Amino acid sequence: MKAERVFFQSPWLAYGFRPFFLLAAVYAPLALIPWVGALLQQFTLPMTMMPLAWHGHEMLFGFASAALVGFLLTSIPSWADIQPIEGKSLAALVILWLLGRVTIWLSASLPGSLVAVMNIAFPLSILFWVAPALLAKGGRRHLSIGLVLLAFVLVQGAFYLSWLWPELPLPAPLVLLNTAVNILLVLIALTASRIVRVIATVAKKEAGEAGPPRLTPAREHLAVTALIFFVAADLLAPGHPVTGWVALAAAAAQADRLSEWPWGKAMGKLYMLLLTTAYLWMVVGLILVGISGLVDGLPGYAGRHALSAGAAGTAILAVFCIAGLRHTGRPLNLPGVIWPALAALFLTALLRTLIPIWRPEIYLLAGVGLPFVLWLTAYFLYLIGYTRFLVSARADGLAG
């Protein structure tokens with residue numbers, strides 16, 4: 001019993017970001033192994049869904065979902081002034097996420113309905129916790145975050161229905177996976193409003209620049225609204241010229257928003273550069289998706305990896321790095337290994353975006369194998385720099 005108490009009271013289970021950031025970083029390359037192995041014709045994992053759908057599912061509802069939940073379990077208690085989930089309750093959520101991963105990897109030998117139930121149980125449990133917190137008086141100003149989470153969970157549920165019963169009048173699983181990525185972009189845009197105001201102020205002060213950053217709420221709202229229109233258009237009419245124009249409009253709105261970020265010496269701070277790089281990938285990805293809907297020469301998948309590996313992957317790393325310091329009582333002095341981690345992630349997105357379009361003859365080597373090694377390197381370097389922070393007590397002696 002004493003060992004049990006020590007385990008559940010350990011710093012690793014003191015706050016939601018600790019286990020889920022760690023698990024997400026470990027799982028980021030693991031989830032790619034079956035997909036990369038199949039593409040390189042080295043081995044094949046038995047699957048009941050299309051390999052591409054399996055790959056997208058695990059990157060979104062495995063890796064990204066763990067990162068998202070770690071962020072929500074950390075942010076919402078401070079936003080809504082409620083007690084965080086910790087100890088045994090947090091351990092139960094970790095086990096629920098792990099059960100989802102086990103059932104997906106063993107999906108060929110399990111009933112599809114069981115796989116779906118075990119995987120949807122995790123986000124539903126988070127949604128049931130988030131809803132009352134954000135509907136309470138203290139959390140209502142952040143209700144938009146809850147609505148985005150609801151949309152993400154609904155799309156995940158629709159994915160299982162489309163997979164198990166393809167005769168239903170639902171979008172194809174791959175369309176739903178693209179929609180899930182697009183919803184993550186909305187979440188990135190929403191949370192950027194909250195994060196940039198904090199870190200840009202710190203960056204300007206450290207760079208010796210006077211005054212807080214001037215961020216216009218109307219431009220932020222326009223950027224988010226444009227992304228929401230893109231989510232709807234890309235779900236209802238993927239590849240249509242109208243969707244192309246909506247994507248380009250969304251790209252312009254994000255670029256306009258970026259123009260207000262501190263582009264002086266403050267941008268040399270690694271934590272600012274991480275989040276800005278993620279946002280730049282969002283602009284690039286939306287432009288490519290938009291052009292692919294308007295011209296015949298650019299394939300329909302153009303821009304998708306800029307949005308997923310580039311925008312979402314880099315934004316997740318940025319949140320891992322920033323929250324991993326601020327919520328463990330440390331100053332925003334990112335470990336030096338994050339510089340090569342950012343470079344590896346940038347090259348991953350660059351190769352995944354450009355090689356399939358311009359050099360398809362070397363796709364397996366330069367568009368699959370090398371990006372996998374770079375992606376693995378990026379998150380391995382994060383683990384080197386941050387594991388000790390995530391599993392040890394706060395540096396300032398406070399709880400959490």
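Okay, D234: at 2% relative accessibility, this one counts as buried, where buried means under 20% relative accessible area, exposed means over 50%, and partly exposed is in between, with a 1.4 Å probe and protein chains only. Its side chain meets that of R304 in a salt bridge, 2.9 Å from N to O. For a salt bridge, I'm asking for a side-chain nitrogen of Lys or Arg within 4 Å of a carboxyl oxygen of Asp or Glu. The pair ties together distant parts of the chain, with D234 in helix α9 and R304 in helix α12, 70 residues apart. R304 counts as buried too, at 15% relative accessibility.

Before I go on, this is a predicted model, so local features need pLDDT of at least 70, side-chain atom pairs count only at pLDDT 80 or more, and totals for chains, interfaces and linings use all residues. Residues are numbered from 1 along each chain as its sequence is written, and side-chain values use heavy atoms, with hydrogens and water left out. Helices here are DSSP runs of H or I, at least four residues, and strands are E runs of at least two, numbered from the N terminus.

How many salt bridges does the structure hold? Eight. One of them joins the side chains of E58 and R101, at 2.7 Å, N to O. R394 counts as buried at 16%, whereas D396 is partly exposed, at 37%.

At 7% relative accessibility, E220 counts as buried. Setting aside neighbours within four places in sequence, E220 is in contact with S193, R197, L215 and R257, contact being heavy atoms within 4.5 Å.

Now some helix packing. α4, residues 51–80, and α8, residues 173–206, have axes 11 Å apart and an angle of about 25°. Axes are lines fitted to C-alpha atoms, for helices over the stretch in contact, and angles run from 0 to 180 degrees between N-to-C directions. So α4 and α8 are roughly parallel; the cut-offs are under 35 degrees for roughly parallel, over 145 for roughly antiparallel, 65 to 115 for roughly perpendicular, and oblique for the rest. On the α4 side, the contact includes G56, H57 and F61, and on the α8 side, T191 and R194 are among the residues. By class, that's 14 nonpolar, three polar and one charged. The classes: Ala, Val, Leu, Ile, Met, Phe, Trp, Tyr, Cys and Pro are nonpolar, Asp, Glu, Lys and Arg are charged, and the others, Gly among them, are polar.

The other pair is α11, residues 270–294, and α13, residues 338–358, with axes coming within 11 Å and crossing at roughly 5°. These two are therefore roughly parallel as well. W281 of α11 and W339 and F346 of α13 are among the contact residues. That contact has 11 nonpolar, two polar and no charged residues.

Last one: G313, in α12, residues 304–326. Buried or exposed? At 2% relative accessibility, G313 counts as buried. Beyond its neighbours within four places in sequence, G313 is in contact with S308, L345, W375 and Y379. The C-alpha atoms of G313 and M59 are separated by 9.8 Å, with the two 254 residues apart along the chain.
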